[in-house]
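Hi everyone, thanks for making time this morning. Let me put the model up on the screen, and then we'll walk through it together.

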Amino acid sequence: MTDEKIVELVRNGDKEKYSKIVERYEAKMFYYIKRMINQADEEMEDLVQEVLVAAYENLAGFDTKKKFSSWIYRIAHNKAIDYFKKKKMKINVDLGEKEEYWEREGKLPEDIEIDKQDGEELRKAVNSLEIKYREVIWLYYFEDKNYDEISDILRIPISNVGVLLFRAKEKLKRRYEKK
Amino acid sequence: MKKNRKEIMDKIRKDELKMKPKWWFEGIRWGLEMGNWIIVLVASVFLAAGIFWIELICPIKALDYGRLGLELILSSLPLLGLGIMVFLLIAGVVIYKNRGENYKKSIKKIWIIIVLTVVLAAIFLTIFRKVFEPEILLRII
């Protein structure tokens, strides 16, 4: 069953179906937020809960003709940014050694040839990017979002998504080549 | 994470967590839509007033009088009106960008849309001023 169909059912009164949404998105949201603001797992889990609660509260405002995943990622993006501002955190944070995504998906832009053994270097290079570049790299290469979806999540024009990705790849290439 | 899932579902079951009603979102959408139109209209009224000022003072002719003409222009320049118009233009752009899927448009395109709408509305108001003026006078009286 698609996310949009589940949302339709929840909105029509089948509240139990929301557990499906929670099940599908809690891990995704956790890694997405952790990628942006690496803090203690408990704090990240609290933020994930805030995202899922906000999504439920605002479910009536979701347009079912659009993609639910983009909509919930947008909420997570906003929550992470709010947290970021509240704590006045530094932009560059390390994601930690045991980041599952890095181990599992040690891949990157097609024009940078990196194999899995280079996962550590790759992780450091991506983490050293500014948050706007890191986020777009994550969404495109690790979450498999297309330009249109990234545009919806970050609320920027599609052309800007391309520009951000291009610049992020250029920066990554330069930093990676230096090493 | 399972703790998260249980907590959220418990809150939903106990009705501690409620969905905001649909009218709330519709209200915000309509508010933004109406707000945007009102801002554009008010900005165009200020621009039309600016056009009226140019007709009244005729700055090019006033400059023929040298320094005196320049002083006349500067002293009668509707600075407050201009300031309000610029503020309304910025507010119009910000609201327009946040409406629906307008974030997909570039900021340059949004500026062009808003400024063009204001200019066209001001030209319309100027051309049909005589139609509006008696009405305004009647209201004032």
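Let's begin with one residue, Lys169(A), which lies in helix α9 of chain A; helices (H or I, at least four residues) and strands (E, at least two) are DSSP runs here, numbered from the N terminus. Before we go on: this is a predicted model, where local features need pLDDT of at least 70, side-chain atom pairs count only at pLDDT 80 or more, and totals for chains, interfaces and linings use all residues. Residues are numbered from 1 along each chain as its sequence is written, and chains are lettered from A and ligands numbered from 1 in the order in which they are written.

Back to our lysine: why does Lys169(A) count as buried? Because Lys169(A) has 20 C-beta neighbours inside 10 Å. The cut-offs are 20 or more other C-beta atoms within 10 Å for buried, 12 or fewer for exposed, and partly exposed in between, with C-beta atoms placed from the backbone. Lys169(A) is 35 residues from Arg134(A) in sequence, with 9.9 Å between their C-alpha atoms.

Now, the nonpolar cores, meaning sets of buried Ala, Val, Leu, Ile, Met, Phe, Trp, Tyr and Cys residues joined through C-beta atoms within 7 Å. The largest has 41 residues, and those touching the most other members are Ile33(A), Val51(A), Leu52(A), Ile72(A) and Ala76(A). Helix α2 of chain A (residues 18-36) contributes the most, with eight residues. Leu52(A) touches Val22(A), Tyr25(A), Glu26(A) and, over in the other chain, Ile8(B), leaving aside residues up to four places away in sequence. Contact here means C-beta atoms, placed from the backbone, within 7 Å. There is also a second, separate core of 13 residues, including Met85(B) and Leu88(B).

How do the two chains meet? In total, 25 residues of chain A are in contact with 17 of chain B. On the chain A side, α2, α3 (41-57) and α9 (158-178) each supply at least two residues.

Finally, chain B itself. Chain B has seven helices and zero strands. Its C-alpha trace spans about 80 × 35 × 25 Å along the principal axes. The radius of gyration, taken over C-alpha atoms, is 24 Å, whereas a compact globule of 141 residues would be near 14 Å; that globule rule is 2.2 Å times the number of residues to the power 0.38. Of the 141 residues in chain B, 13% count as buried.

That's my tour, so over to you!

Key: Two residues are in contact if their C-beta atoms, placed from the backbone, lie within 7 Å.
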